[in-house]
Amino acid sequence: MTLDLPFIWAGLIAFAVLAYVTLDGFDLGIGILFPFGGNEASRNLMMNSVAPVWDGNETWLVFGGGGLLAVFPLAYAIIMPALYAPLIAMLIGLVLRGVAFEFRWRTRRGRFLWDAAFFAGSLVAALAQGLALGALVQGIKVSGRAYAGGWWDWLTPFSLMTAVALVVGYVLLGATWLNMKTTGEVQDRARRVAMPAGIALLVLIGIISLWTPFLHGYYYHKWLAFPAILYTAPVPLLVALAAYVLVESLAEQRDHLPFLAALALFVLSYIGLSISFYPYIVPGAVTIAAAAAPAKSLAFLLYGAVVLLPVILGYTIWSYWIFGGKLDPEAGYH
Amino acid sequence: MPHLDAETLARSQFAFTMASHIIFPSFSIGLASYLAVLEALWLLRGAAVYKSAFDYWKKIFAVVFGMGVVSGLVMSYQFGTNWSVFSDKVGPVIGPMMGYEVMSAFFLEAGFLGVMLFGEAKVGRALHFFATLMVAVGTLFSAFWILSVNSWMQTPAGYGINAQGQYIALDWMAVIFNPSFAYRLVHMVLASYLTTAFVVGGVGAFHLLRNSANDAARLMFSMALWMAVIVAPVQIAAGDAHGLNTLQYQPAKIAAMEGDFSTKPHTPLILFGIPDMEAQTTHDKIEIPYLGALILTHSLEGSIQGLKHWPRADQPDATILFFTFRLMVALGFAMLGFGLWGAWLRWRGELHESRALQVAAIIMAPSGFIALLAGWVTTEVGRQPYTVYGLLRTDQSLSPLAAPAIATSLLAFVIVYFLVFGIGIFYLLRLMRRTPGTSETDFDDSGPMRSAGRAAVARLLQPPHISAAE
């Protein structure tokens, strides 16, 4: 039996991107919520709830980008120039919010600057990722082995919609994370944000889901034509279930369930996207098989991934476990 | 003004973002190992001075590492945004190596950094030391892979070309352990250690000048001087070996570094001169006969090929290389001299008494960074006009981008980097001004707030974060 290496790698890269979106999602969400976090002690707590893990979360983005270069170099070479402006904006946003984690403890007079950088950087990164996602779903012009579109192709009504949706989604993740990790006033505030954010996200997911099939006949046939709809119907049904759990658990003031339900919404939306993409990696233009690097490259990196990814997951879970439970407002090393 | 085409702009952007990036990981490679040594000494010997030095540098490490992470993230996307043709063609070879770097190094560092910085009270001493060690190991794994990638671009080996025109690996061991890799890895890791040692020594000296009895400052100063006297000579030997390797695989780079345009018997060493690429000659030369031959071929009768041997379009820029190379070498010998001076004073039992040595240590504190950047410019500009030496030309590696798009992003990076890293370096200097071994605060700008905003009122009501931590 021979392994379908490109398919395995498409799955691994997809997993890395999903890990990034969900993990960095909640800490970007906290950045977006930061200015609305109340007094300084509350905001310190918000930041400290993600300070030990944000760096690991962001490493999934490096893995997604580096992995794409390694195993789908053609896709990397087409997508990166196509999404040039949003990607550069995302990187600059991530620079600003990343340094804020340390910098804001190193000054008192200038702290407000880094608090602003933490917020603005997180918001810009989230918007840019949403724009990039929307542009990718909408399709990229390709000629030969290169991007062939213009410099503003990424900016469309659809990509603006996905950008707003991703920001709202990250806010929901951040709010439900805080609900899980904190008590008292910070938790109360997080709950008040989570409910409207959850409802707004569901509406936006609905709009995007109904919009997507009409972008391309290709998506339409996958989602709405019979009999394909029999295979794809479970996804929206599960979204409805997750939505129900989210709203119920928030109403019942549960600690963990809202975060898990928000994660489920992300995972299901992501599965929906993957169904739309497959078998393409650049929708409508380049398939997974066509973009794949030679088998020797795929196999070489797969040996490492088989051994190292479980180890990485192991110590990542260990690290989350160490910093698990409700946060102690007095703890910190700064 | 030079012609600002897309290639020049993309190269400027890579050079600028890379130069800004490289100083942070080099410092973190050295600092992570130093922290692991300090914590090990603390665990073994129990003396509080190791712990206070550890805590002192830990905070500095956190800031340096943070800046390294965010500037490194930019690099991992830069290949695709500005050099997409390069990525498509070379991705199958260098991509998997960078994938290994992410999996074996970045995750390891990030996964254990949180425990190292925040988890001391939660995991106990032994596990905490393990976390510190994993961070240090992670930085070294990272150096291994990225230098393998860099070396492959300098001295490609073990590759083939497929039907789509992509470079593919035929033999991974030959790709990873390509001809210049071992030399470059040793040279770079030693450079990181020396860079860190001179910063630590400079900070120790600064505090010794204020109070020569400060235990932690004495420890830092002493450890740094051991590093200088041991590592500087090893580094010079490693650099010499690396140079010989370069002569074998990239002779044009050596010719440019030496300012040798014409091939001469028993090559002299040009101590100083001004290489002129247009005229293809070096003006105002001060030469030492035979010495170039002796250094480069280890024989008086040797000779190296002059730069004119290669067509003008294939020559690296000798004007840049000649000076950056000399700057690096001069700093290397200054480090050696400083190390020997310290060793002599140590032998006489006066290591901590000499104010002249302390002042010199402060002046030398940034020397590692300067040498590192000079060396990096030498090797990378020396690789031109290729991205992959001899195989893929730089002007054929570019993304299909218009110059204004690259100019805009370059401008954005320049503004943001100067602001962010400029202020970051200021914070680092302020952290280094804290007296080691005391609970002096990390910042001294905590004057009264001029505006009584919500945050200011809250601060009056809440204990500041800092007092909870110290």
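A salt bridge, as the term is used on this tour, is a side-chain nitrogen of Lys or Arg within 4 Å of a carboxyl oxygen of Asp or Glu. The model in the viewer is a predicted one, and by this rule the count comes to 24 salt bridges over all chains.

**Stop 1: a pair within one helix of chain A**

Select A:Arg191 and A:Asp188, which form a salt bridge with their closest N and O atoms 4.0 Å apart. Both residues belong to helix 8 (residues 184–211) of chain A, and because they are three residues apart there, about one helical turn separates them. An α-helix has 3.6 residues a turn, so residues three or four places apart point the same way. Colouring by accessibility shows A:Arg191 as buried, at 15% relative accessibility, while A:Asp188 is partly exposed, with a relative accessible area of 36%.

**Stop 2: a network, a helix and a proline in chain A**

Next select A:Asp24, A:Asp27, A:Glu58 and A:Arg97, which are linked in a network of salt bridges. Then show helix 5 (residues 84–103) of chain A, whose 20 residues reach 28 Å from the first C-alpha to the last, close to the 28 Å expected at 1.5 Å a residue. This helix 5 of chain A is mostly covered, with 17 of its 20 residues buried.

Once neighbours within four places in sequence are set aside, A:Pro6 is in contact with A:Phe72, A:Ile288, A:Ala292 and A:Leu298.

**Stop 3: two salt bridges in chain B**

Turn to chain B and select B:Glu120 and B:Lys58, whose side chains meet in a salt bridge at 3.8 Å, N to O. This pair links distant parts of the chain, since B:Glu120 sits in helix 4 (residues 120–154) of chain B and B:Lys58 in helix 2 (residues 48–82) of chain B, 62 residues apart. B:Glu120 counts as partly exposed at 26% relative accessibility, whereas B:Lys58 is buried, with a relative accessible area of 6%.

The side chains of B:Glu278 and B:Arg312 also meet in a salt bridge, at 3.8 Å from N to O. B:Glu278 lies in the loop between strand 3 (269–276) and strand 4 (281–288) of chain B, and B:Arg312 in the loop between helix 9 (291–297) and helix 10 of chain B, so the pair ties together parts that are 34 residues apart in sequence. Here B:Glu278 is exposed, at 70% relative accessibility, and B:Arg312 is partly exposed, with a relative accessible area of 40%.

**Stop 4: a helix pair and a loop glutamine in chain B**

Show helix 10 (residues 318–347) and helix 12 (residues 367–381) of chain B, which pack at an angle of about 145 degrees with their axes 8 Å apart. Their crossing is left-handed. To see the contact, select residues including B:Phe325, B:Met328 and B:Leu331 from helix 10 of chain B and B:Ile370, B:Ala374 and B:Val377 from helix 12 of chain B. The residues of this contact divide into twelve nonpolar, five polar and no charged.

Finish at B:Gln250, in the loop between helix 7 (215–249) and helix 8 (251–258) of chain B. B:Gln250 is buried, with a relative accessible area of 1%, and, not counting residues up to four places away in sequence, B:Gln250 touches B:Gln154, B:Arg383 and B:Tyr389.

Note on methods:
Residues numbered from 1 in each chain as written. Chains lettered and ligands numbered in written order. Predicted model: local features only at pLDDT ≥ 70, side-chain atom pairs only at ≥ 80, totals over all residues. Heavy atoms only, no water. Helix = DSSP H or I, 4+ residues; strand = E, 2+ residues; numbered from the N terminus. Expected span 1.5 Å × (residues − 1). Buried < 20%, exposed > 50% of the residue type's maximum accessible area, 1.4 Å probe, protein only. Axes fitted to C-alpha atoms, helices over the stretch in contact; angles between N-to-C directions. Left-handed = near helix turned anticlockwise from the far one by under 90°. Contact = heavy atoms within 4.5 Å. Nonpolar A, V, L, I, M, F, W, Y, C, P; charged D, E, K, R; others polar.
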